[in-house]
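Biologist: I am new to this structure. Can we go through how its helices pack?

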Amino acid sequence: MRISIVGITGYSGLELLRILQHHPRAKVVSIHATKEIGKFLSELYPHLKGLCDLKIEVFDSQRIMQQADLVFFATPSGVAKEMVADFIAADFPVIDLSGDHRLPGDIYKKWYKKEPAQAIIQKKFIYALSEFADVSEKRFIANPGCYATATELVLIPLLQAQAIELDSIIVDAKSGLTGAGKNPTEASHFVQVHDNYVTYKLNQHQHIPEIVQFLQSFDEKLASIQFSTSLIPVNRGIVATVYVKLRKGLNVADISSMYRRCYQDKPFVRVQAALPTLHQVIGTNYTDIGFDYNPVTNILTVVAVLDNLVKGAAGQAVQNMNLMFGFQETEGLLSPPLFV
């Protein structure tokens with residue numbers, strides 16, 4: 001499988017390259033960006049010397065289709081939607097890691113504050129949370145967001161079992177700084193983030209409509225969720241702490257059974273006996289889930305952790321590639337965590 005990556009110099013693009021270097025069926029044949037054209041990637045990132053000596057090329061859809069079998073877009077939101085038309089017209093496979101093709105145009109415009117993709121193009125993409133989407137032989141994949149992946153994987157088993165009060169969902173989600181992207185801002189400055197805890201985009205994060213839209217396919221009566229996002233002073237990781245009220249008659253054993261039954265054949269979701277920590281998943285494609293129940297308040301607390309650059313972006317994109325083309329789902333993705 002010959003691969004092109006558009007947006008190679010961003011965190012997700014570099015993570016894609018790292019993962020694909022170890023994939024037995026994949027070879028990256030071209031890398032593309034809007035700057036540093038003509039430079040060897042290893043010049044910019046010396047840690048890649050001897051591992052990837054490709055030159056960064058200007059984006060050229062026709063050239064990509066001549067030399068590759070699949071293109072990944074690891075670009076900021078607002079970019080891929082301007083570049084995919086030629087691939088769609090040629091029925092050439094695309095996996096988009098950005099938010100450009102996850103939402104209908106009117107909702108995208110409201111939450112992303114950008115003009116949306118053409119409706120005829122957006123409708124060709126399938127929203128692909130790997131554990132619950134049938135992407136076999138599909139051509140155009142909209143990869144989920146990092147916060148969305150963690151939140152959806154927590155809530156889907158509970159919705160499937162009709163186990164919770166739908167108006168009780170509260171999500172307190174936290175991200176490492178790489179989740180904010182590579183372009184520096186005042187909010188991502190070292191002195192602002194280090195030794196600090198910053199809540200941002202309260203009730204306004206662009207992953208909210210994505211989450212609600214997908215969860216409604218499991219229970220159409222779900223109208224909304226309470227969702228907060230915060231930055232924590234780590235490089236990588238998502239911690240999603242979800243609070244819900246259980247419907248009457250359920251107990252902890254029932255909840256444990258729901259999660260284990262739901263994920264028993266899902267290789268990248270691990271249900272843990274205790275609340276998970278970030279160190280368990282950093283550098284991997286795993287999502288670890290654990291929970292505790294307070295019988296006094298009837299509140300179930302569920303915690304999910306994942307690496308925002310792997311399961312929250314590049315790893316899930318490769319997982320979707322594997323499923324698209326009939327490879328083993330786990331190929332190239334079974335690295336152990338960077339535990340310390």
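Biologist: Which residues in α9 does α7 meet?
Modeller: This is a predicted model, where local features need pLDDT of at least 70, side-chain atom pairs count only at pLDDT 80 or more, and totals for chains, interfaces and linings use all residues. Residues are numbered from 1 along each chain as its sequence is written, and side-chain values use heavy atoms, leaving out hydrogens and water. Contact means heavy atoms within 4.5 Å. From α7, residues including Cys146, Tyr147 and Leu159 meet His207, Glu210, Ile211, Phe214 and Leu215 in α9.

Biologist: How do the residues of that contact of α7 with α9 divide by class?
Modeller: Ala, Val, Leu, Ile, Met, Phe, Trp, Tyr, Cys and Pro count as nonpolar, Asp, Glu, Lys and Arg as charged, and the others, Gly among them, as polar. The contact of α7 with α9 divides into 9 nonpolar, 2 polar and 2 charged.

Biologist: Are α7 and α9 roughly parallel or roughly perpendicular?
Modeller: Angles under 35 degrees count as roughly parallel, over 145 as roughly antiparallel, 65 to 115 as roughly perpendicular and the rest as oblique. α7 and α9 pack at about 30°, with axes 10 Å apart. They are therefore roughly parallel.

Biologist: At what angle do α7 and α10 pack?
Modeller: Leu153 and Val154 are among the α7 residues in this contact, and Ile255 and Met258 among those in α10. The two helices are roughly perpendicular. Their axes lie 9 Å apart, and the angle is about 110°.

Biologist: How many disulfides does a search of the whole structure find?
Modeller: A disulfide is a pair of cysteine sulfur atoms within 2.5 Å. The search finds 0.

Conventions:
Axes are lines fitted to C-alpha atoms, for helices over the stretch in contact, and angles run from 0 to 180 degrees between N-to-C directions. Helices (H or I, at least four residues) and strands (E, at least two) are DSSP runs, numbered from the N terminus.
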